[in-house]
Amino acid sequence: MYKVMIIDDEPMIIQSVKSGINWEKLNLELVYTATDSRHALDYAKENHIDIVISDISMPPFNGLTLCSEIAKLNSSIQFIIISGYADFSYAKKAIQIGVAGYCLKPIDYTEMMSVLKLAVDKIEPKNDFMEYDFMEYVYENNVEEIQKFLIRNKIKDRFHMIMVIGKENLSKYIKVHHLMFNIGINKYLYILNDDTDKLMLNNEIKNNPLIDGIGITTNKVSYDNLLEHIDDIMVKSYYFFFCKDDKILMDETKKQDDYYNKICKDIDKPAKLKENLLEYAKIPSKTMNIKQAMKLHNMILNKYRGPIGEEDDLNIYSFDELVRNYESFDNLINSLLVVIENSFEKNDLTFESYNKNFIKVIKYINANFTKNISIKDIAEELFLNPNYISQLFKKETGTTYVKYLTGLRIEKAKELLQKTDMSINDVCINSGFNDYFYFIKKFKKYTNMAPSYYRKSNI
């Protein structure tokens with residue numbers, strides 16, 4: 001969210017502007033107010049500001065002088081002047097220093113909203129594809145384009161990255177120059193010009209119920225292999241799956257690979273596998289990371305329930321789905337122990353009423369494929385067994401539930417790319433994908449091109 005400061009020597013005017021604007025709608029956050037221009041300038045010197053709303057007449061120096069001084073700190077800051085003077089000389093001076101708008105008192109808030117929107121567009125020119133072309137460059141490791149984008153956006157050649165999982169991002173906590181990307185449902189990626197120890201590792205974040213987890217690069221990184229670093233901090237940001245009370249992770253234990261490899265080594269020995277799972281479940285924070293936990297889930301299900309195709313319907317392909325289905329590592333382990341325990345019980349899944357059940361399943365998928373649904377959700381909704389649905393789908397269609405669902409989502413994404421001006425991330429979310437890079441991977445697999453190129457080629 002872009003950060004806004006209001007300066008006016010009349011507190012009532014400040015309160016009026018504060019309550020009269022729908023800040024959230026414009027992706028704005030009011031971070032500071034002042035009745036004194038000197039205090040405002042001091043704040044701007046120490047904190048990141050995107051938009052300044054300032055009165056003209058106030059102590060100790062007027063708003064035009066204030067805006068001129070702040071502009072020297074950062075040329076990308078946008079200024080909006082509010083004044084009781086309908087004097088062209090003031091407006092002329094305001095134009096000379098490059099203000100985004102000039103609003104007369106009493107303030108017309110419809111006009112103020114329009115001026116603020118103009119200011120936002122000037123900060124970041126209206127090009128919904130630019131940021132997500134950048135993410136495609138990251139996916140393809142196109143170092144030249146990555147470097148151009150980051151230099152253009154004033155990011156140094158070495159920088160930190162932060163991944164945030166949750167319903168609230170970290171914008172209000174970060175005081176240094178940064179870029180923020182929404183790369184999925186409740187997923188935020190930050191690239192920033194500073195050391196993370198100067199940031200926000202405090203109790204306010206740790207106690208914020210809207211933030212689930214945070215992953216941070218251990219050392220500063222550069223333009224090459226960004227996707228690997230993003231994958232690393234993405235994994236770290238799901239540490240809460242193992243240890244709910246610890247939201248922030250910078251370093252992972254080096255023993256995780258040892259634990260995971262030992263479990264994999266005993267995958268063909270049910271008794272030993274159960275013993276290992278029970279042992280490691282006692283120390284989840286040292287056992288494995290979210291990627292290994294997801295692989296373990298799929299490996300055990302494939303081994304003890306049997307694969308049904310290239311993409312097993314019972315497999316999980318996103319960290320979010322793993323968290324949603326099991327909530328914690330303990331629950332996951334308990335569920336896998338049940339799978340192993342029941343592996344030798346032959347389930348005779350009858351298909352005597354398969355036509356009726358299959359129609360129910362198809363109708364449910366077609367009505368809900370843009371939502372975050374899994375085969376487990378469908379089973380619970382229709383009072384069926386997940387394994388039964390998986391086998392039923394294979395029997396009736398010759399393909400898998402996962403492939404059918406992905407196909408629907410890709411077609412929806414193609415439609416949105418052709419017929420709307422949604423950002424690529426919004427297309428991702430509105431077609432049912434909850435992770436941007438997974439969306440790119442699948443979209444390229446089905447269409448042989450990245451989403452932004454598909455859009456450009458179909459205009």
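## Questions on a predicted model

Me: Is N372 buried, partly exposed or exposed in this predicted model?
Reply: The relative accessibility of N372 is 32%. Buried means under 20% and exposed means over 50%, so a value of 32% falls in between, and N372 counts as partly exposed.

Me: Where does N372 lie, and which residues is N372 in contact with, leaving aside its neighbours within four places in sequence?
Reply: N372 belongs to the loop between helix 16 (354–368) and helix 17 (375–382). In space, its C-alpha is 7.5 Å from that of F433, although the two residues are 61 apart in sequence. Once neighbours within four places in sequence are left aside, the residues in contact with N372 are R324, D377 and N434.

Me: How are helix 17 and helix 18 oriented to each other, roughly parallel or roughly perpendicular?
Reply: The axes of helix 17 and helix 18 (residues 386–397) come within 8 Å and cross at roughly 105 degrees. Angles of 65 to 115 degrees count as roughly perpendicular, and helix 17 and helix 18 are therefore roughly perpendicular.

Me: How do the residues of the contact of helix 17 with helix 18 divide into nonpolar, polar and charged?
Reply: Helix 17 brings I375, I378 and A379 to this contact, while helix 18 brings P386, I389 and S390. By class, these residues divide into 5 nonpolar, 1 polar and no charged.

Me: Which residues is N298 in contact with, leaving aside its neighbours within four places in sequence, and is N298 buried or exposed?
Reply: N298 lies in helix 13 (residues 290–305), and its C-alpha is 9.8 Å from that of L336, a residue 38 places away in sequence. Beyond its neighbours within four places in sequence, N298 is in contact with N315 and I316. Its relative accessible area is 11%, and because buried means under 20%, N298 is buried.

Me: At what angle do the axes of helix 13 and helix 14 cross, and which residues meet there?
Reply: From helix 13, I290, K291, A293, M294 and H297 meet F319, L322, V323 and Y326 of helix 14. The residues of this contact divide into 7 nonpolar, 1 polar and 1 charged. Helix 13 and helix 14 are roughly perpendicular to each other, since their axes, which come within 10 Å, cross at roughly 70 degrees.

Me: In what order do the 5 strands of the open sheet stand, and which strands are at the edges?
Reply: The pairing in this open sheet is parallel, and the order of the strands is 2-1-3-4-5. Strand 2 (28–34) and strand 5 (101–104) each have a single partner strand, so one side of each is left without a neighbour in the sheet. The strands at the edges are therefore strand 2 and strand 5.

Me: Which helix packs on the sheet, touching strand 1, strand 2, strand 3, strand 4 and strand 5?
Reply: Within the sheet, neighbouring strands are turned by 20 degrees against each other on average, direction ignored. The helix that touches strand 1, strand 2, strand 3, strand 4 (78–83) and strand 5 spans residues 109–123, and its direction makes about 160 degrees with that of strand 4. This is helix 5.

Me: What is the bridge partner of I6 in strand 3?
Reply: Strand 1 (residues 2–7) and strand 3 (residues 51–55) run parallel and are joined by 4 bridges. In strand 3, the partner of I6 is I53.

Note on methods:
Residues are numbered from 1 along each chain as its sequence is written. This is a predicted model: local features need pLDDT of at least 70, side-chain atom pairs count only at pLDDT 80 or more; totals for chains, interfaces and linings use all residues. Side-chain values use heavy atoms; hydrogens and water are left out. Two strands pair if DSSP finds at least two bridges between them. Helices (H or I, at least four residues) and strands (E, at least two) are DSSP runs, numbered from the N terminus. Axes are lines fitted to C-alpha atoms, for helices over the stretch in contact, and angles run from 0 to 180 degrees between N-to-C directions. Contact means heavy atoms within 4.5 Å. Buried means under 20% relative accessible area, exposed over 50%, partly exposed in between (1.4 Å probe, protein chains only). Angles under 35 degrees count as roughly parallel, over 145 as roughly antiparallel, 65 to 115 as roughly perpendicular and the rest as oblique. Ala, Val, Leu, Ile, Met, Phe, Trp, Tyr, Cys and Pro count as nonpolar, Asp, Glu, Lys and Arg as charged, and the others, Gly among them, as polar.
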